[in-house]
Amino acid sequence: MSSDNSGKYHQNLIPDANDDDDGMVIRNEEQSMVHQNVGAGTPHHDLQSDMEMMKERFAKLLLGEDMSGGGKGVYSALALSNAVTNLAASIFGEKGKLEPLAPERKARWRKEMDWLLSVTDHIVEFVPSQQMSKDGTNMEVMVTRQRSDLLANIPGLLKLDAILIETLDNFGQEQEFWYVSKNENQDMDNSSQRDDKWWHPIVKVPESGLSETSRKRLQYQKESVNQVLKAAMNINAQVLSEIQIPESYIDSLPKNGRESLGDSIYKSITVDSFDPLQFLSAMDFSTEHKVLDFKNRIEASILIWKRKMNQKDGWNPWGSGISSGKRELFEVRAETILLLLKQQFPGVAQSSLDISKIQENRDVGLAIQESYSRVLESLAFSVMSRIEDVLHADSLTRTLRCSEIDCSGDTDTLGIK
């Protein structure tokens, strides 16, 4: 993700630990197990190489990605967000196959994510603590600990990370499916390839389809990854909701919900009898661009209605003749639509509001949580899609097999429901 920000480097929002070792928060044992320092136990020159690389990465972050030192870097929070995003893109790319990560890629992911996450060790808050003095008197003093949101979300994200890596590792064992390229598939039946994924390798399964054991294992892995996807989406949505909406985005909004949504969508949402599922089923979501455009319109209308309800007193440019009660009802309907849309299209690109928040955010802790949850969400969606490709190929193969033989209405023998 690129940024058009050209402002000078802003001060990192990390509280001063006053060089006090007691104020330094160390990640718990669970985090260390997932993102351990892979340089430990390596030869001295490897440790030196890692140290130099780490210095270079943090120097780039401190300069806001402007290595010229010309003061044209981005904010520290955005620099860290970009670092996590770019690292994930270079390690995982767009998963076209179900296969384990190469050992060197896995090691690099864990090592460099550990470097980036180490920043959160020093984002602390003051909390009261009981201490006993030498004379036996109990007194309350303020001590530092990792900020509450980081303390709650970072371990959870590390668990989701570990589950996804483990899921990919499981596909290193012998499988009943394999992949062929387009050229290799010229003389074969291409019906198992989905039209919307033409650039991916083609999945092949045995002529009789997958075994029941393999099919159940894939279904279990799909459900497991789906839970990871939902958890990552929830964390990402919660973190984004805590990031302040930039004034530049607010200034770009239309002055009323009708203008944002368009007459057709506005009339559909503001009718007396409203069914969100029926409304979504009537919309044209044939391309990702249309889904994203609709998402942008809905988010903008929600914000417009909220601002109108919060600015009831005095004249303001957001005013209109609609009662506050109706505006609140329209807002609830729009939020319901937005939630259903995110569930229906979990892999859709970020909205204009989300991008604006990320680019203008100053909070380093929120930036790391948002970017980490976003890349895990993207990876989980890719892995689940690849599992669905295998199950889709298996379903087509078994259906074709059933059409070639006389199933006599009994498809249980082929596992077709």
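Start by selecting Glu360: at 26% relative accessibility, Glu360 counts as partly exposed (buried is under 20% relative accessible area, exposed is over 50%, and partly exposed is in between, with a 1.4 Å probe and protein chains only). Before moving on, note that this is a predicted model, where local features need pLDDT of at least 70, side-chain atom pairs count only at pLDDT 80 or more, and totals for chains, interfaces and linings use all residues. Residues are numbered from 1 along each chain as its sequence is written, and side-chain values use heavy atoms, leaving out hydrogens and water.

Next, pick Glu212, Arg215, Asp394 and Arg398: salt bridges with shared partners join them into one network. Zoom in on Arg215 and Glu212, whose closest N and O atoms are 2.6 Å apart. Both sit in helix H6 (residues 212-242), 3 residues apart, or about one turn of the helix. Helices here are DSSP runs of H or I, at least four residues, numbered from the N terminus. Which of the pair is buried? Arg215 is, at 10%, while Glu212 is partly exposed at 42%.

Last stop: select Lys222 and Glu388, a salt bridge with its closest N and O atoms 3.6 Å apart. Lys222 lies in helix H6 and Glu388 in helix H14 (residues 364-404), so the pair ties together parts 166 residues apart in sequence. Lys222 is partly exposed at 25%, and Glu388 is partly exposed at 24%.

How values were computed:
Salt bridge = Lys/Arg side-chain N within 4 Å of Asp/Glu carboxyl O. Helix = DSSP H or I, 4+ residues; strand = E, 2+ residues; numbered from the N terminus.
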